[in-house]
There are 2 protein chains.
Amino acid sequence: MIRNEETICAPATSGSGAIAVIRISGSRSLKICQKIFTPADNKIKFTESKGFTVIYGDIHDGEEVIDDVLVSVFRMPHSYTGEDSVEISCHASRYIQGKILELLIENGARIAAPGEFTQRAFLNGKMDLSQAEAVADLVASSSEASHRIAINQVRGGFSAEISKLRSELLRFTSLIELELDFGEEDVEFADRSELRSIVIHVKELADNLASSFRLGNVIKNGIPVTITGKPNSGKSTLLNALLNEERALVSEIPGTTRDSIEDTIIINGLEYRFIDTAGLHDSSDIVENLGIKKTHEKIIQASVILLVDEVTETPELINKRADIIRDGIKGSDKRLIILINKIDLGNQNNISFLKEKISLEAGDSLLFISARELTGLDDLKVKLGEIIEKDRISPENIIITNLRHYEALIHVSESLKRVINGLDNKIPEDLIAIDIRQAIHYLGEITGEITTDEILGNIFRDFCIGK
Amino acid sequence: MIRNEETICAPATSGSGAIAVIRISGSRSLKICQKIFTPADNKIKFTESKGFTVIYGDIHDGEEVIDDVLVSVFRMPHSYTGEDSVEISCHASRYIQGKILELLIENGARIAAPGEFTQRAFLNGKMDLSQAEAVADLVASSSEASHRIAINQVRGGFSAEISKLRSELLRFTSLIELELDFGEEDVEFADRSELRSIVIHVKELADNLASSFRLGNVIKNGIPVTITGKPNSGKSTLLNALLNEERALVSEIPGTTRDSIEDTIIINGLEYRFIDTAGLHDSSDIVENLGIKKTHEKIIQASVILLVDEVTETPELINKRADIIRDGIKGSDKRLIILINKIDLGNQNNISFLKEKISLEAGDSLLFISARELTGLDDLKVKLGEIIEKDRISPENIIITNLRHYEALIHVSESLKRVINGLDNKIPEDLIAIDIRQAIHYLGEITGEITTDEILGNIFRDFCIGK
């Protein structure tokens, strides 16, 4: 276990709730707290407290009482960081929190760097690197799907998969390196055909994991959706209808109300991120008038394009607008949903006529809605849910969401491709061994068995303070 | 102890930190948690856990793990509410918090009303009503001074004072009522002159407490300051200079950064609230041009008026503007500080000349500053600090901040005034007893010995959820 001499502290909660938690970790945690904390029960010897106990008492600055608090004690190695740790649960006043941190610093602690608690957990062997990274994703997860992927990763699902691949490769390299040690004796410990099939198998798994990144990334960051269409077709009415429904749902549970003004919506456990919606309220948002270039710009980041038109529009114009969009998404797996809005203003004949005359290509959808009267929105939600392969999000299925992991897996795949080529072309063992070593290296980078200060620095600087 | 059959739950933290705490209280707290929480150590029988212990484990929804959490257990009566209570410390993801609350509700808890935890603490005799009220003030306290008053009150300083007054009166009424029982026998158990001196003493104390309300109120809500002066005299530069200095200070301690865009500044432990600053950036903010009415409107809510003028201005005009303000604050204890700004653009002669020619009245101050070059701001801060009697804010000095307490104390004082008049005018004992009873009643309302559902409802509805 790596022992860090410095004791760190930071607020672990933020905002303006009823209570706040300040977290302290390091070998001197209890000694530092003792100087500012007096248990209400004077029989308690604080520095001798057992782990997993809570002690009630006062935080004081000399004679002056700052707050009455609950202090939870954790003892090395049975804590989040693996070090002696203390959590002070105080009243959430900004003044009290600032004062307690000030007192901790005066008595020898220092403010933690972002993610430093989790970094210490990693360095002390409490979790591997991909688990540590997933902690940040878990804290940030806002939908059922993004949560499920993050908690699977925190609980080591992904790490176990990577370790399995790595140990299969390790077994073979050790055999090959044994051969190399024997030099010119021309013995063969490693069965070449078995090696080949194992390398192919590992490469397949790495490719599969890498290919899950696209799905994982949109789940983690929200599925990007663009709403487009001619002026006054009801684009902003539609967006507001979707937002309001979700906000009403969310606000049923107090404390979970979203204060964000971002246009994100959670539908059936998936988060959708509506991009470039700033222009929806003015009349400049157009498919036809502003031309093809502007439309293509709008759809470039989206996975789904909602083209909103009116039930009284001619099918020719609708088809023309749809074609402009199709032209921009050609060859990608972006999906087009044509929404014929304002069906409350039309009749069944309008709808039947459009159904017949609007041409759809594979993957396109056509829905009839009234954003104003909230008609057809459920169908739209079902359709949005079909865009991604939701079945893949299960505890058994590992989905990666992290660009660093994706890049490492691509490197693994490339190295293994060279190994397969090498085997096919009877390249000397020592060269093949280098490529296998490289694949092992990149797998080790994911879990942190191989790491550098730079990698660690990059990973943890994006964490919040107190985590 | 009052036992409430319903078990309540609520988030106790808010915002987006590393961890979040969900609080549960009521007789079924542990039973409900047991259904969704599994300790990592399977030897632990959760529902038999002792108070003040922390248990590590998983929150699950059926088979699916939602989060790994720390659960703190508190046992009746040794908890905040006096009931069995549980605090779940989970990752701060919005999804996780919502899910855990959902699971608790599914299993029989209900969402707590605002302040319901504290209300239960009061009903279960863990604190009196004035202490319960101070909990909300403590959570909201943002300056050293407002914190000090709140923590004194939470710790029962004010309650002890009120109880003392009340018991002195109680002793005497019981003697008087004894006399009434003896009816026409004309015995006198209560010494009238002693009673008179005690009533005078209690009334004095009640008056003193009531008179502390003005100070307490500005400390709690921030001392209101208005900045006024002619266009381009540097009013907004001054405000920004003050705001920036404080923000730089605050941001040294991470997690305590203020996200508010309110114009409040903490100087030497006191909060100043700059009111009506919206107009500072345009040129319509004027003393002379807009006339007397507008100026008086601006200063009506302020305790301190900063009149900003330029070093190159004529003393006649400055005096004229100062007079308009003085006219508006006549008879109040509002204070005028004349700030001669832009001294970097003037010379010592300008300053000497103005010093000589600007006329000051009792309580006025004259300072020379450069808001742009941050000169003289420390003098201004010292001057602002002198506005209120800071010495009064000590643990020994009770300061009231609550309008309800103030009104009750005024009632106490009025009742006791009638008692003194009654004694002086030899009014019959039974009438005097009514007024003493009334004073006792109002003192009891403060601490909650006498209360109604309506009073409780009014008090706790302003609390945050989870407190």
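**Exercise 1. In which loop of chain B does B:Pro114 lie?**

*Solution.* The model is predicted; local features require pLDDT of at least 70, side-chain atom pairs count only at pLDDT 80 or more, and totals for chains, interfaces and linings use all residues. Residues are numbered from 1 along each chain as its sequence is written, chains are lettered from A and ligands numbered from 1 in the order in which they are written, and side-chain values use heavy atoms, with hydrogens and water left out.

Step 1. Helices (H or I, at least four residues) and strands (E, at least two) are DSSP runs, numbered from the N terminus. On this basis, B:Pro114 belongs to the loop between strand 7 (110–111) and helix 3 (116–123) of chain B.

Step 2. Accessibility is classed as buried under 20% relative accessible area, exposed over 50%, and partly exposed in between (1.4 Å probe, protein chains only). With a relative accessible area of 30%, B:Pro114 is partly exposed.

Step 3. A contact requires heavy atoms within 4.5 Å. Leaving aside residues up to four places away in sequence, B:Pro114 touches B:Phe460, B:Arg461, B:Phe463, B:Cys464 and B:Ile465.

Step 4. B:Glu204 is 90 residues from B:Pro114 in sequence, and their C-alpha atoms are 36 Å apart in space.

**Exercise 2. Describe the salt bridge between A:Glu116 and A:Arg120.**

*Solution.* Step 1. The criterion is a side-chain nitrogen of Lys or Arg within 4 Å of a carboxyl oxygen of Asp or Glu. For A:Glu116 and A:Arg120 the N to O distance is 3.6 Å.

Step 1. The two residues are separated by about one helical turn, because A:Glu116 and A:Arg120 are 4 residues apart in helix 3 (residues 116–123) of chain A.

Step 2. Both A:Glu116 and A:Arg120 are buried.

**Exercise 3. Characterise two salt bridges of chain B, B:Glu48 with B:Lys45 and B:Arg372 with B:Asp344.**

*Solution.* Step 1. The side chains of B:Glu48 and B:Lys45 meet at 3.7 Å, N to O. B:Glu48 is exposed at 54% relative accessible area, and B:Lys45 is exposed at 55%.

Step 1. In the salt bridge of B:Arg372 with B:Asp344, the closest N and O atoms are 2.9 Å apart. B:Arg372 lies in the loop between strand 13 (365–368) and helix 13 (377–386) of chain B, and B:Asp344 in the loop between strand 12 (335–341) and helix 12 (348–357) of chain B, so the pair ties together parts that are 28 residues apart in sequence.

Step 2. B:Arg372 is exposed, at 61% relative accessible area, whereas B:Asp344 is partly exposed, at 25%.

Step 3. In chain A, a network of salt bridges links A:Lys230, A:Asp309, A:Glu310, A:Glu313, A:Arg321 and A:Lys342.

**Exercise 4. Classify the aromatic pairs A:Phe37 with A:Phe46 and A:Phe52 with A:Phe74.**

*Solution.* Step 1. Rings of Phe, Tyr and Trp (its six-membered ring) pair if their centres lie within 6.5 Å; planes under 30 degrees apart count as stacked, over 60 as edge-to-face and the rest as tilted. The count is 8 aromatic pairs over all chains.

Step 1. A:Phe37 and A:Phe46 are edge-to-face, at 5.2 Å centre to centre with 65 degrees between the planes. A:Phe37 is buried at 2% relative accessibility, and A:Phe46 is buried at 4%.

Step 2. The ring centres of A:Phe52 and A:Phe74 are 5.3 Å apart and the planes stand at 90 degrees, so this pair is edge-to-face. The pair links distant parts of the chain, 22 residues apart: A:Phe52 is in the loop between strand 3 (37–39) and strand 4 (53–61) of chain A, and A:Phe74 is in strand 5 (residues 64–74) of chain A.

Step 3. A:Phe52 is partly exposed at 26% relative accessibility, whereas A:Phe74 is buried at 5%.
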